[in-house]
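Please examine the sequence and the structure shown below before reading on. The paragraphs after them form a guided explanation.

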Amino acid sequence: MTKAMPTPLSGPKSRAAFTAARKRIPGGVNSPVRAWSRLGGKPPVIARGEGAWIEDVDKRRYVDYVLSWGPLIHGHAHPAVVKAVQDAAAKGLSFGAPTASETALADMLVAAIPGMQQVRLVNSGTEATMSALRLARAATGRDLIIKCDGCYHGHADHLLVAAGSGAATFGEPDSAGVPAAFAEKTLVVPYNDAAAVTRMLKKHKGQVAAVIVEPVAGNMGLVLPQPGYLKALRAACTAHGTLLVFDEVMTGFRTCYGGYQRIAKVRPDLTCLGKVIGGGMPAAAYGGPRAIMRLLAPEGPCYQAGTLSGNPVAVAAGLASLKLAARSGFYDRLGKRLTGLISAMAKQAAQHGVPWQAAQVGTMWGWFFSDVAVTDFSSAAAAHMERWAAFTRELYLQGVNVAPSPFEAAFFSSAHGKAELVHTLAATDRAFAAAARV
Ligand code: KE4
């Protein structure tokens with residue numbers, strides 16, 4: 001008896017469009033994690049998005065919890081964000097010269113993130129973290145960096161070491177093409193293990209420029225910092241003259257208005273931002289005290305540049321997105337709605353007898369098919385992957401879009417209303433049933 005072929009995850013037009021894409025674009029995608037390789041299917045090719053929904057070229061619709069990997073906290077094509085982009089574009093797409101809107105965005109970021117007195121706008125999270133670490137090396141005169149196994153800070157050479165997100169998805173946490181001389185400057189410790197950081201700092205006394213960490217890990221699935229972890233990193237870095245860099249590209253303006261550092265009450269030396277601050281357009285940033293930031297060219301000797309850095313159209317999208325998020329009660333309302341969804345899903349998992357745990361911080365969330373505490377990459381990687389795959393496939397078939405990798409987080413938006421939650425719970429019930437059959 002031949003094994004029944006699994007139902008294709010995407011429709012015929014998506015499959016044809018993806019085949020055409022693969023002719024011209026490696027893997028058919030411009031970022032590996034979009035390829036769905038881990039699910040063994042061809043991804044839907046998206047035609048449009050509106051609110052909490054996306055629609056593919058087969059006119060199939062999905063409630064979207066990827067939200068462009070975090071930026072779209074107001075959903076797709078929010079009228080205020082679209083209008084801001086249209087108005088800015090009508091005045092010119094780019095000048096390569098200072099504009100007042102860049103200062104307005106910088107003012108908003110500095111006002112929201114205590115300890116950040118100056119900020120430099122860039123085009124991607126990778127640029128933000130890469131530049132922040134160059135600045136940390138310039139400020140300390142040291143070469144070594146400490147990062148956590150499973151944390152992802154973008155694809156700069158020296159950060160593709162034990163990286164999470166897409167790198168972990170394809171089992172390539174250490175990418176080909178990165179010279180050993182670069183990688184050996186990056187020391188790796190487990191997430192949530194402050195003692196390991198202290199040991200590494202002592203072992204390389206006076207040589208570590210920075211510890212970079214996702215204050216909430218969102219690239220190994222969603223893994224919360226253990227109580228006291230971030231405070232212990234702060235103390236260890238201070239004791240060793242090492243800069244503490246919070247990579248808040250994902251957590252920034254996702255967990256609250258500002259950085260997770262506000263919730264944790266821990267002040268890093270440098271903060272990296274992205275995603276939400278661009279509102280879906282390419283804008284990111286890094287910043288910190290003036291005493292460090294003044295080392296950047298043109299004032300100081302540390303060089304960093306970008307043709308489209310602070311692009312007025314991207315900045316307009318970011319400003320509109322942050323203004324909407326700054327409204328009173330925004331994060332509380334969304335957080336409560338998301339908590340309700342997660343509690344209902346937990347009841348479904350229990351009814352289906354499937355060990356499932358979920359975590360939430362503000363408007364970002366994640367889950368593991370595991371009945372043991374997940375506190376770092378190794379315990380995340382030990383979760384039940386076949387159940388994860390069965391659950392995820394069924395969600396797609398039921399019109400719910402989530403990350404096609406177990407090493408990602410999920411997101412939520414102000415566009416996810418009652419109708420979307422009802423649709424989602426109908427899908428998750430069937431998805432837990434599919435997971436239970438594995
Ligand atoms: P970008 O260069 O992709 O804009 O940002 C890199 C980055 C830096 N820091 C953190 C904490 C991040 O999560 C990211 C990028 N996140 C991934 C998803 N986990 C982007 C999705 C993708 O690679 O396509």
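Predicted model: local features only at pLDDT ≥ 70, side-chain atom pairs only at ≥ 80, totals over all residues.

Residues are numbered from 1 along each chain as its sequence is written, and side-chain values use heavy atoms, with hydrogens and water left out.

The chain is divided into two parts: domain 1 comprises 12-77 + 328-436, and domain 2 comprises 81-325. These bounds come from an automatic or database domain assignment. Taken over C-alpha atoms, the centres of domain 1 and domain 2 are 25 Å apart.

The size of an interface is often given as the accessible area lost when the parts come together. Here, domain 1 and domain 2 bury about 2,800 Å² between them, and 66% of this area is on carbon and sulfur atoms. Buried area denotes the accessible area (1.4 Å probe) that two parts lose on being put together, summed over both. Tyr331, Met364 and Phe377 supply 22% of the area that domain 1 buries against domain 2, more than any other three residues.

In terms of contact (heavy atoms within 4.5 Å), 35 residues of domain 1 meet 34 residues of domain 2. Across this interface there are 8 residue pairs in polar contact, both residues being at pLDDT 80 or more. A polar contact is a pair of N or O atoms within 3.5 Å; within protein, one must be able to donate a hydrogen and the other to accept it, and residues adjacent in sequence count only if both atoms are side-chain atoms.

Which element gives the most to the side of domain 1 that touches domain 2? Strand E12 does, with 4 residues. Helices and strands are DSSP runs (H or I, at least four residues, for helices; E, at least two, for strands), numbered from the N terminus.

Attention now turns to the ligand. There are 17 residues around the ligand (a heavy atom within 4 Å), and Ser31, Thr126, Asn219, Asp247 and Glu408 come nearest. A nitrogen atom of the ligand lies 2.7 Å from a side-chain N or O atom of aspartate 247. For glutamate 408, the distance from a side-chain N or O atom to a nitrogen atom of the ligand is 2.6 Å.

Two backbone details remain. Alanine 297 and proline 298 are joined by a cis peptide bond, with omega about 10°. Tryptophan 69 has a positive phi of about 70°, although it is not a glycine.
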